[in-house]
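Student: I'm new to this one. Could you take me through the inside of it, with a close look at what packs together there?

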Amino acid sequence: MNYDVIVIGGGAAGLSAALSASMLGAKTLALEAAPRVGRKILASGNGRCNLANMGLAEYYGAGDANQFAFTVLKQHPVEDVLSFFHGLGLITVEEEGHRVYPACGQAAAVLDVLRSGLDRQGAQVLCSAPVSRIEPAKWGFQVHTPQGVQKARAVVAACGGMAGGRLGHDGGAYRLLTDLGHTLIPVRPALSPLTAEKSAVKGLSGLRLPAVLTLCRKKQGLYAKNPQERDEPVALPCQGEALFTDYGVSGICAMQLARWAWAEVDRAGVWPTLYLDFSPLLGLLPRCLGKQEAWRPEERYRAAEALLRQRAHILPPEDLLTGMVPRLLADRLRGQSIPELARSLTAFPVPLTGVRPLENAQVTAGGISTAEFSGFTLESQLVPGLFAAGEMLDVAGDCGGFNLLFAFSSGLTAGESAANAALGL
């Protein structure tokens, strides 16, 4: 036997799996197709690596993917993940939104402690070693690479997803598991900017504004006389910063809505409409509505109209928006009546045309079906001794450290389970 455990993939899930397996005494090899490991780690969080989130998580995917993700996180919750990194020497800090970063503010610190830990445990890392095939054998597996066939008692597939262009893979890694009978859920971009009709964003490119973004099912408009015919939300409103671009709308909130936009296309065959409420810009600061509450844009519309009428008593019509909204937006809305302005400021319509492709996405939606793996061990239910972790699986979380948290948690679980299986523990 060459190795006890072979881990395919040198990203967050792969490196944590390799390290956890080697810490249990398993002779471990990590294989990475790229010339270097951890490229996505270095790019995450704008180079700061938002490695976890202490808040409530929610994950998405086919079937019971959310429940699967929570089962995995129960094996190694966020406290375990942070304890793992603290044991490697990393100092972390919790910031706004319960986001956890390395205290030094450098993503390289996360990668450095992982690599140092692998060195101390004697685990081997082989880069520029793309895997073409996993071949089961009576005693374990043969893993085919350009450098030759590597043998192991257990294998962890942690190849990541297709998001991020050169930072992801081209889809071929999924075939490693589909060739063994596993199911691939269709892959799409998650956490990706939204594209819109050019006329909707004309003249606004480069503008960053605080807003409440709501994705709505197209009907007869937001203020149709018949309430049953009004556009209705298909996802909870998301409050944050909206960035207008020449192709549409970006920013964390817009990217979070990408999966819901796809869901509406699957349901109705048409792209929904994005409404932007600029009430935070006006000082009205509406709260985001809970799951059980109705969406009532009329309330914010009336508040905005009252504010505009107050301003009309002291300002001429041409200066009604001056000092209240940026000049680009004011120019776009110039000439509208007060009722029209109130509607534009609280429900600015942006008809969508799509979602930016995978190379522009932060995370991949879809992947290998979670229904075919144990959430407790991450072992395949089809191929004993085969494990999977991270973004390769059909699990995608919200922005803010949740996806890296799942990658690290699932990597630790898969690595430990693979070591136990290989060593007979």
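Tutor: Let's start with the largest nonpolar core, which has 81 residues. Bear in mind that this is a predicted model. Phe85, Leu114 and Ile134 are the residues with the most contacts inside that core, and helix 14 (residues 402–423) gives the most to it, with 11 residues. Pick out Ile134 and look around: leaving aside residues up to four places away in sequence, Ile134 touches Ile8, Phe141, Gln142, Val155, Leu176, Leu177, Leu180 and Leu386. Apart from this core lies another one, of 46 residues, and among them you'll find Phe244, Leu282, Leu333 and Val355.

Now back to Leu114, one of the residues with the most contacts inside the largest core. Leu114 also belongs to the contact between helix 1 and helix 5. The axes of helix 1 (residues 12–23) and helix 5 (residues 107–121) come within 9 Å and cross at roughly 30 degrees. Since angles under 35 degrees count as roughly parallel, helix 1 is therefore roughly parallel to helix 5. Their crossing is left-handed. On the helix 1 side, the contact is made by Leu15, Ala18, Leu19, Ser22 and Met23, and helix 5 brings Leu111, Leu114, Gly117, Leu118 and Gln121. Sort the residues of this contact by type and you get seven nonpolar, three polar and no charged.

One more stop, at helix 3 (residues 65–75): its buried residues are Ala65, Phe68, Ala69, Thr71, Val72 and Leu73.

How values were computed: Residues are numbered from 1 along each chain as its sequence is written. This is a predicted model: local features need pLDDT of at least 70, side-chain atom pairs count only at pLDDT 80 or more; totals for chains, interfaces and linings use all residues. Side-chain values use heavy atoms; hydrogens and water are left out. A nonpolar core is a set of buried Ala, Val, Leu, Ile, Met, Phe, Trp, Tyr and Cys residues joined through side-chain atoms within 4.5 Å. Buried means under 20% relative accessible area, exposed over 50%, partly exposed in between (1.4 Å probe, protein chains only). Helices (H or I, at least four residues) and strands (E, at least two) are DSSP runs, numbered from the N terminus. Contact means heavy atoms within 4.5 Å. Axes are lines fitted to C-alpha atoms, for helices over the stretch in contact, and angles run from 0 to 180 degrees between N-to-C directions. Angles under 35 degrees count as roughly parallel, over 145 as roughly antiparallel, 65 to 115 as roughly perpendicular and the rest as oblique. A crossing is left-handed if the near helix is turned anticlockwise from the far one by less than a right angle, and right-handed if clockwise. Ala, Val, Leu, Ile, Met, Phe, Trp, Tyr, Cys and Pro count as nonpolar, Asp, Glu, Lys and Arg as charged, and the others, Gly among them, as polar.
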